[in-house]
Amino acid sequence: MMKLLLPFSITPDLEALSEEDWALQPDLKVDTSFTPLDWNSFDESALEMSLKLSDNGASGSFCFHRCALTVGGMPSDRFLKTLAALKFDELVRIDPGDADLRFRPEVVARVIADFAQAQAHPDFILMGRQTQVGDNACTPLLTAELLGWPCVTQVTALELADKHRLRVTGAVDGGTAVQTVSAPCVLSIGDAPCTYLRVPTLKDKMAYGKKPITLLRLSDFPGAEALLSGSNAELRSLVPIRKEREGVLIEADTPEEKAEILYRDYLKGRLNRL
Amino acid sequence: MKGILVLNACTNDYPDQCRLLAGFLKQRANGIEADTAVVFHKEEAGHDELLRAVPVQKAVLIGLPQARTETMLNQLAELGGSGETAVYLFAGNCFGSELAVRMGQRCGGTFMAAVDGVQCSGEQITVTKSVYGGHMEAEFALKKAPYCLSVSRSCAEPEEGTGRSAVAAEERTVREGPENGFSEDYTLIPGKEEKNLETAPFILAAGWGAKSREGVESMAQAAEKMGAEFGVSRPVAMNAWAPMSSLIGVSGVMTKPEICIAAGVSGAPAFYAGIEKSGFIVSVNSDPRAPIHRKSNVAIVDDWHKVLRRLSEISEKPLKATRKNEE
């Protein structure tokens, strides 16, 4: 059996926010509490790739043990229940309480590393390369460093090589690297096409969806909690980024007429000068 | 504050890394005096050629059998562990983004990925970077050296011809140790450089509004007819409606065409970063509230399919045909 630990995060739909919604609160936070939540897209790829390992005919009856772990509040439970219905074996939520972890990847990495060492004992940790709010792009790398494990980044495809190893494809500068990787290792998932998380069947939701979620608190991880008292990178300010142009609207009765105006008034001269 | 550039000459984007970091130092960094570059290279690489591209005075050349980050990290940890207060700058490509964070952690310093700017004043150092998916800019005060920063690929205009024939301050060759024992059969497959999005003067970019593989193919045909290169946003590439090599944005190609038509694109910052240096942007999206309209020079609120079909019919001199005739 190969043990996989899958840390994931959920994210507010930032594209749903209007310009006014980016007004800051006094504590340098943006109120995203009213926006819909979704999987962090890179973590979603990691979760789906872990399931695809079992789909592959070559894996035969080989058994994977999947433990999904998230650091987040109660809204995360809905997502953990989806993973339960997808037959994930263990579901763990670590409640951060009031801690602001947006720009604290070292705290999240410490939680993941401590959980891996003390409880999950995984062969591989699969996680997305970055979250959307913090844009830190650090957590998998720090997790590997804290554990003293190697890390393969920008992973785009996985296959089972044998009962201890995975065949890993990843993007590197100038091409693609393919390698057979032994446990233990952290795999940081990048832009992996066709890895939207599958939808559980109604039957599986009924049969597996009520699996209990293990709830832990940040205080259960003293090493991580201790890091909260100070950061090597302290947030000083947040400013909305505005990148606007003229946005001249072409108006006409039909799309064809609009295309003609676009070509005649704006493109023809520019194309001729190229 | 002392600055040290870290460059990876094992990959074919080495000249781009040099130009990006030279541009960053000139345009986006204040108070950094960078005079040294650490250059990882393949053993067989010609040192003179490597040194010509280095945008600072001195270089430490480190020869490797293969471009493996674990091996590079061991070297960097040795370098950063000296206790010297310095800023290490890495290009924000795959290698640089990984090495900056892991080196910072390994050396007990401060790390940050995709930094847009650095300000140093005495021992004080602050950096800016985009957060919230590109909607906000954050400023951070960094507290503990060494400061290991990877530089955002879109923050600075690359500096051309900055190579000043650096002097090799040190040359060494490193044998691979046990650090790569976790990995077997490591094979590097060079990417196909079929597309020329980075330098294309005219681009048609397709977004999620294409709705299907057929929609994307229809847009690609319109691009072909108009003589434009064709690129896509991340959702399109993630659905495998177009190859990853055509991905535009922070995960893909950063373009700077004279003209960019963004069709069916919402205007999410991660995508827009890839076209923001365009000379002229046209948006075509049936949703009048799509943010791309405010970020374009000219906007059409309508069905992209009909607009592009007509546009491709009336484009009199397709650029590609003109070029072929000239050749």
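Start by showing chain A and chain B together: the area buried between them is about 7,500 Å², and carbon and sulfur atoms give 58% of it. Buried area is the accessible area (1.4 Å probe) that two parts lose on being put together, summed over both. This is a predicted model, where local features need pLDDT of at least 70, side-chain atom pairs count only at pLDDT 80 or more, and totals for chains, interfaces and linings use all residues. Residues are numbered from 1 along each chain as its sequence is written, chains are lettered from A and ligands numbered from 1 in the order in which they are written, and side-chain values use heavy atoms, with hydrogens and water left out.

**Stop 1: the interface**

Select the residues in contact (heavy atoms within 4.5 Å).

Next, pick Arg294(B) and Glu19(A). Their side chains form a salt bridge, 3.7 Å from N to O. The term means a side-chain nitrogen of Lys or Arg within 4 Å of a carboxyl oxygen of Asp or Glu. Between chain A and chain B there are 11 salt bridges.

Helices (H or I, at least four residues) and strands (E, at least two) are DSSP runs, numbered from the N terminus.

**Stop 2**

Switch to cartoon view. Ten strands form an open sheet with mixed pairing, in the order 11(A)-5(A)-4(A)-1(A)-6(A)-10(A)-7(A)-8(A)-9(A)-11(B). Strand 11 (214-217) of chain A and strand 11 (183-190) of chain B stand at the edges, each with a single partner strand, so one side of each is left without a neighbour in the sheet. Two strands pair if DSSP finds at least two bridges between them.

Where do the chains join in this sheet? Zoom in on strand 9 of chain A and strand 11 of chain B: six bridges join them, and they run antiparallel. Select Ala177(A); its bridge partner in strand 11 of chain B is Leu188(B).

**Stop 3: another pairing**

**Stop 4**

Finish with helix 4 of chain A. Helix 4 lies across strand 6, strand 7 and strand 10 of chain A, at about 155° to strand 6. Axes are lines fitted to C-alpha atoms, for helices over the stretch in contact, and angles run from 0 to 180 degrees between N-to-C directions.
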